[in-house]
Amino acid sequence: MLFPMIIGGLIGYQFGRFPGLLIGAVAGVVVAGFLRKRLRATLQSRLQDLQASFIEPVFAVMGALCKADGVVTRDEIQVAEAFFDRFRLAGQQREAAKAAFNRGKAADFDLDAELNRFLRVTRGQQMMLQMFLQVQVSAVAADGQVHPAEHDMLVKIARTLGLPESQVEQLEAMLRGAHAGRAGGAGAASSGQQLEDAYKVLGVSSSATDAEVKKAYRKLMSENHPDKLAGRGLPESMRDMAEEKTREISHAYDIVTAARKASA
């Protein structure tokens, strides 16, 4: 606020000395406030457009994924409906999401065209693309399993969005860990798989040093912070998914560090 006041005052002083300085200072503050409001409104409008453009592709691609193994089951439909609730969709938004899901199930659905449209809308923002992929993996892995045909389509989606295949493996590992936790934890027979999945979640190999593991963990936590994602256009209704992801990253880090301490 001080800078516009000074600039306005200096300009006013050139034309009217002291009275001009006062008038110019006030005018500078008024103009700056008006411009800030216009900019805020423009940014908010663009953010809302981006959020609206996020929902329909999410459910269209989800419909295609559910059809990937040849049939859309009642359980898969219930998963989609659960996401309607999770994203707090109501009224026209909910109907649009349903229509998009049904469009994705159609035999003539053009997956590549849908993904390329989404790429243009998001302008290739990595955080938005990664969250989009997370939603798709979460939808098909609701039972802790991913059908091979679904995995192949997830890999195709990732590649079309310019994301590495390793991100699909990372998210699948994350969902397996979350499912095991909901099922009451893993037994001794699956502890090896748990540790392997934890390394995949962190994106490092078991031969990585402790410093490399910590660096990878901190980088992931920073990249996936819910506030940072919201600032890039992620709908507020999807904040819990971002928080869920950070919890799974922390859980994976705990598993890796505990295993390393036990074997030291």
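**View 1. The largest nonpolar core has 63 residues.** Within this core, Phe 59, Met 62, Ile 157 and Leu 202 have the most contacts. Helix α1 gives the largest share, 10 residues. A nonpolar core here is a set of buried Ala, Val, Leu, Ile, Met, Phe, Trp, Tyr and Cys residues joined through side-chain atoms within 4.5 Å; buried means under 20% relative accessible area, exposed over 50%, and partly exposed in between (1.4 Å probe, protein chains only). Keep in mind that this is a predicted model, where local features need pLDDT of at least 70, side-chain atom pairs count only at pLDDT 80 or more, and totals for chains, interfaces and linings use all residues. Residues are numbered from 1 along each chain as its sequence is written, and side-chain values use heavy atoms, with hydrogens and water left out.

**View 2. Zooming in on Met 62 and what it touches.** Skipping residues up to four places away in sequence, Met 62 is in contact (heavy atoms within 4.5 Å) with Ala 80, Phe 83, Phe 101, Val 135, Gln 136 and Ala 139.

**View 3. Phe 59 and Phe 84 make a ring pair.** Searching the whole structure turns up 5 aromatic pairs. Rings of Phe, Tyr and Trp (its six-membered ring) pair if their centres lie within 6.5 Å; planes under 30 degrees apart are stacked, over 60 edge-to-face, and the rest tilted. For Phe 59 and Phe 84 the centres sit 4.9 Å apart with the planes at 55°, so this pair is tilted. Phe 59 belongs to helix α1 (residues 2-66) and Phe 84 to helix α2 (residues 74-86), so the pair ties together parts 25 residues apart in sequence. Helices are DSSP runs (H or I, at least four residues), numbered from the N terminus. Both Phe 59 and Phe 84 are buried. Ring pairs also link Phe 59, Phe 83, Phe 84 and Phe 87 into a cluster.

**View 4. Helix α4 (residues 111-122) crosses helix α5 (residues 126-140).** Their axes, lines fitted to C-alpha atoms over the stretch in contact, come within 9 Å and cross at roughly 145°, with angles running from 0 to 180 degrees between N-to-C directions. On the α4 side, the contact is made by Leu 115, Phe 118, Leu 119 and Thr 122; α5 brings Met 128, Leu 129 and Phe 132.

**View 5. Leu 195 sits in helix α8 (residues 191-202).** Leu 195 is partly exposed, at 25% relative accessible area. Beyond its neighbours within four places in sequence, Leu 195 contacts Ile 255, Val 256 and Ala 259.

Key
Helices (H or I, at least four residues) and strands (E, at least two) are DSSP runs, numbered from the N terminus.
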